[in-house]
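Colleague: I have a few questions about the terms you use for this model. Could you take me through them with the structure open?

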Amino acid sequence: MDNVKQVIVIDDDDDDCLFLEQGLQKQTSNLVIYRFVSGDEFINSQLWQNEEHSYKLILLEFILPGEDGLDWLKLFLEHECCQNIPVVMYSSLAIEPQACKQAGAADYITKPCDLVELDLVSEKICLSWLLD
């Protein structure tokens, strides 16, 4: 169980989450993905409240219904549970990646919309943040 990689995904779109999860699991074994539909749901979860934060990465949708991903990014980065956890923002919208990085995100990726893009995005995530 020690080499299990835990990833938090905060996104309200079921199809996008399933697509991304399939891509990540194709790239790496021993992956557990915890999905939340909002930042609020995540901060009210046991994972947030647990003192031992064993997740390796947070993937945060830039725009959630009624929420701004940059506001959640700031809150996550200020909280002790996320200070050493990279937060990668993503969206299907044409967002300026530099704005996310300046706000403290480890990176910004575009949501994959086909299998080729899915493989590229999943590989980047795994190579950049999920290798031991």
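Colleague: How many cavities of 30 Å³ or more does the count come to?

Modeller: The count comes to 1 cavity of 30 Å³ or more in this predicted model. The volume of the largest cavity is about 40 Å³.

Colleague: What makes a space a cavity here?

Modeller: A cavity is a set of points where a 1.4 Å probe fits but cannot get out. Lining residues have an atom within 4 Å of such a point, and for the largest cavity they are D16, F19, L20, Y90, K111 and P112. Helix α1 (residues 14-27) gives the largest share of that lining, 3 residues.

Colleague: Happy with that. Now, why is M89 called buried?

Modeller: Buried means under 20% relative accessible area; M89 has 0%, so the term applies. M89 lies in strand β6. Leaving aside residues up to four places away in sequence, M89 touches L60, E61, F62, G69, L70, L73, C100, A105, D107, Y108 and I109. One of those, D107, is 18 residues from M89 along the chain, with 6.4 Å between their C-alpha atoms.

Colleague: How do you know that there are 0 disulfides?

Modeller: A disulfide needs a pair of cysteine sulfur atoms within 2.5 Å, and a search of the whole structure finds 0 of them. Take C126: the nearest cysteine sulfur, that of C17, is 16 Å away, and C126 is in no disulfide.

Colleague: And are C126 and C100 buried or exposed?

Modeller: With the cut-off at under 20%, C126 counts as buried because its relative accessibility is 7%. C100 has a relative accessible area of 0%, so C100 is buried too.

Colleague: Last one: what makes a group of residues a nonpolar core?

Modeller: The members must be buried residues of the listed nonpolar kinds, joined through side-chain atoms within 4.5 Å. The largest such core has 23 residues, and I10, F42, Y55, I58, L60 and F76 touch the most other members. Elements that each supply at least two of its residues include β1 (5-10), β3 (55-61) and α4 (69-78). Apart from this core lies another, of 17 residues, including V9, I33, L57 and L59.

Colleague: Which residues does F76 touch, not counting those up to four places away in sequence?

Modeller: F76 touches I10, G39, F42, I43, W48, I58, L60 and C82.

Definitions and conventions. Residues are numbered from 1 along each chain as its sequence is written. This is a predicted model: local features need pLDDT of at least 70, side-chain atom pairs count only at pLDDT 80 or more; totals for chains, interfaces and linings use all residues. Side-chain values use heavy atoms; hydrogens and water are left out. Buried means under 20% relative accessible area, exposed over 50%, partly exposed in between (1.4 Å probe, protein chains only). Helices (H or I, at least four residues) and strands (E, at least two) are DSSP runs, numbered from the N terminus. Contact means heavy atoms within 4.5 Å. On a 1 Å grid over the protein atoms alone, a cavity is a set of points where a 1.4 Å probe fits but cannot get out, and a pocket is an open set with protein on both sides within 12 Å along at least five of seven lines; lining residues have an atom within 4 Å of a point. Grid points are joined across faces, edges and corners, and a volume is the space filled by probe spheres set on the points.
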